[in-house]
Every structure is written in C-alpha cells, then in structure tokens.
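Hi everyone, thanks for coming. Please have a look at the screen, and I'll talk you through what I found.

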Amino acid sequence: MSAEEKLNNHNLDDGAGERAQVLELPMPDDFHVHLRQGPMLQAYVRRLAATCGRALVMPNTEPPIASADAIVQYRCKIEEAAEIGFVPLMTFKLLPGMAARTVDECACAGALAGKYYPCGATTNAADGPRRPEDVAAALSAMEAAGLVLSVHAERPGAPAFQREKLFLPTIDCILDTWPRLRVVIEHVSSRETIDYINSRPDRLAGTITAHHLLFTIDDMLGEGLDPSLFCKPLIKFEEDRGALRQAVFSCSPRFFFGSDSAPHPVQAKLKRNAPGGIYASPTEIPALAGLFEQHGALDALPAFLAKNGAAFYGLPVTGQTLRLTRKRWLVPEEVDGCIPLCAGKELDWSLETDGS
Ligand SMILES: [Zn+2]
C-alpha cells in the first residue's frame with residue numbers, strides 16, 4: 001500500500017473492528033505561543049505544559065523581550081512556573097535600529113529566533129519595524145548567527161482579508177536580501193500563502209494553528225457572532241482551510257504546528273475593539289487529534305506536531321510521549337479566565353490526566 005493510500009485508508013481500527021481507545025503521540029512542540037507576564041503566567045504555562053514539551057515563546061510582552069537580560073529573566077520565570085520537563089524556546093522582538101551586537105547577545109542567551117511584527121499589525125506591535133530596512137543590521141546578524149526570522153506576515157492597514165497576501169512581497173524582499181536567513185511565516189491562513197511557501201526555497205517554512213485548520217469565517221459570524229474566534233490573521237474561507245488541511249495531512253515538511261495561543265481575559269474579548277487572539281492551549285491537541293482522525297490522517301499528526309518543526313529549528317525530537325484517551329467531553333466556556341478554543345463544543349479525545 002502506498003503512503004498516500006495508507007493515509008487515505010488510515011483509521012483507528014485495530015484489525016478486529018474495534019476503535020483504539022488510546023492515542024500515543026510524540027510529545028508535541030508548539031512553535032508559536034504567548035504566555036504573557038504577571039500573575040497569570042503560571043496558569044498559562046502549566047496549561048501549555050500539559051500537552052507540549054517545548055514551545056517557542058513570543059516576545060511581544062509589555063515591556064517587550066528585546067535584550068539578552070530580558071530573555072534570561074523571562075525564561076527563568078517560565079521555568080519556575082512550569083511543571084518539570086517543559087522547555088521554553090526563547091525569541092526576541094526586532095525593534096527598529098536594533099544593533100547587531102544586541103542580536104549576538106540574544107543568541108548567546110539562547111534565543112532561537114527573532115520576531116518581526118510589522119508596526120501596528122497586532123497586539124503590542126506599535127513599536128515594530130515599518131520595513132525590513134528598519135532592522136537591516138539585526139537581520140544580517142541573525143543570518144550570520146543562524147537564527148530563525150519569525151514573521152507576523154500581515155500588511156497593517158490593508159483590507160483585513162488581504163493583509164497576509166499583500167505582505168508576501170516583503171517576504172520576497174527579505175529572502176532576496178538575506179540569502180541564507182531561515183524564515184518562518186507564522187500562522188499561515190490562506191491558500192495564497194501555502195502556495196507561496198511551496199514555491200520558495202526550503203529555508204522558508206510556515207506554522208499553522210489549530211483554529212485556522214478547524215474553522216472558517218462562517219464559524220465566527222455565519223450565525224451568532226463568536227468573538228472568541230477573532231484573531232489575526234483572520235480565519236478565512238473554505239478554500240483556504242482546505243489548502244491548510246492539505247498541507248498538513250500530506251506531511252509536507254514545510255509546515256508545522258504553532259498554536260498562536262494568545263490568552264485574553266473574557267471581559268476583554270467581549271468589549272468593543274476587542275483584541276485578536278484565541279486561547280488554544282487547553283484544547284488544541286485533543287481538537288487536532290479529532291480533526292486528523294476525522295479525515296483519516298492520524299498518520300500525519302506526529303510530523304505536524306513533533307517532527308517538522310524540530311527539524312526546521314535543528315532540534316532533536318524530544319523522545320517523550322503524550323497519551324490521549326478516547327473520552328468525549330464538553331469544553332467549558334471558561335478556562336483560566338479566558339474563553340478556550342472550542343468552548344461549548346464536544347471533543348472526542350481527552351488528556352489522560354483528565355480522568356478526575
Ligand atoms: Zn502570535
């Protein structure tokens with residue numbers, strides 16, 4: 001049977017017609033998460049550490065993580081907050097005029113990536129660069145040090161559904177100007193960007209969230225308005241979701257999991273001018289297991305969650321295992337003061353520790 005046939009025919013029958021009750025996965029990595037600072041940090045870290053062994057932590061806190069000292073302090077806080085065994089992978093925020101020396105110091109402090117937030121593109125991005133030239137010295141230093149450039153690839157101010165597509169010329173410019181720089185387009189949301197990544201050299205990759213794989217814009221506003229699904233980039237259309245699913249179900253090494261889990265308190269999400277962001281950590285892995293199973297693609301889940309990203313970042317696969325059990329449960333409306341991904345929906349897979 002070819003790999004493709006196996007993918008199409010895969011199911012959880014154990015040969016005797018019984019569906020397996022346990023799903024064992026290599027411990028997932030989350031290559032894009034927001035853990036915030038302050039009193040809720042511990043809850044967010046522990047929630048994430050229940051299903052992910054490592055995570056690339058975004059630096060758009062207030063104040064931003066933009067120096068070696070800030071990286072060391074933030075990593076310490078996260079490690080203190082975490083249960084044993086969780087490894088935070090650190091990033092720094094690219095600020096206009098950032099010196100090459102600052103980048104070198106961040107690399108020495110263990111940063112794996114620098115994050116490019118176009119000015120005004122999303123939460124806490126008012127201090128970001130307006131164009132790549134604003135951070136040219138830093139990008140050259142990152143290229144020399146072998147750091148990954150992680151990009152929020154949306155053009156601020158453009159029509160909301162076109163922001164991602166209209167940022168692709170800027171990615172072209174970065175790839176051409178820094179020919180050895182490895183680049184990740186974060187939270188890919190559109191068919192155009194999937195096609196674009198596939199058409200460019202393999203030093204360009206993309207992260208994909210659970211919510212962009214699960215939902216379309218109709219889930220957010222086709223019936224009652226669901227503000228918990230408002231995020232940047234916006235969840236898009238059926239054909240976009242189809243292209244994202246095809247990319248991950250086919251095990252393409254160019255795409256890997258980055259949840260963009262971004263907790264905002266319930267009250268903030270329900271206000272006018274609510275921030276974009278979905279609290280995905282509590283449910284993302286069980287929800288993805290259900291989606292991949294539904295589409296006969298469970299074979300592709302380990303590559304998406306635990307192998308492709310590690311390979312791109314040059315990290316070993318962790319060797320730990322995550323066990324899910326087949327137990328239907330109703331996702332509560334609120335977790336850690338936030339509306340979790342899939343709130344009010346039933347999921348088929350539970351964390352093994354959910355038995356209590
Ligand atoms: Zn993010």
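Let's start with strand 2 and strand 3, the latter covering residues 54-57: the two pair in the parallel sense, over three bridges.

Eight strands make up an open sheet, with parallel pairing, and the order runs 2-3-4-5-6-7-8-9. Which strands stand at the edges? They are strand 2, residues 29-33, and strand 9, residues 255-257; each has a single partner strand, so one side of each is left without a neighbour in the sheet. From one strand to the next, the twist averages 30 degrees.

On to the core. The largest nonpolar core holds 96 residues, and Val57 and Ala111 are those with the most contacts inside it. Helix 13, residues 301-313, supplies the largest share of this core, with six residues. And what does Ala111 touch, if we leave aside its neighbours within four places in sequence? Its contacts are Ile71, Met90, Thr91, Phe92, Cys106 and Leu147.

Last, a word on confidence. The chain has a mean pLDDT of 93, and 94% of its residues reach 70 or more. Residues 1-16 are another story: there pLDDT stays under 50. The model does have 21 contacts beyond four places in sequence for that stretch. Still, where pLDDT is low, the predicted coordinates should not be read in detail.

That's my tour, and I'm happy to take questions!

Terms used: Residues are numbered from 1 along each chain as its sequence is written. This is a predicted model: local features need pLDDT of at least 70, side-chain atom pairs count only at pLDDT 80 or more; totals for chains, interfaces and linings use all residues. A nonpolar core is a set of buried Ala, Val, Leu, Ile, Met, Phe, Trp, Tyr and Cys residues joined through C-beta atoms within 7 Å. A residue is buried if 20 or more other C-beta atoms lie within 10 Å of its own, exposed if 12 or fewer, and partly exposed in between; C-beta atoms are placed from the backbone. Helices (H or I, at least four residues) and strands (E, at least two) are DSSP runs, numbered from the N terminus. Two residues are in contact if their C-beta atoms, placed from the backbone, lie within 7 Å. Two strands pair if DSSP finds at least two bridges between them. Axes are lines fitted to C-alpha atoms, for helices over the stretch in contact, and angles run from 0 to 180 degrees between N-to-C directions. pLDDT is the predictor's confidence in each residue, from 0 to 100.
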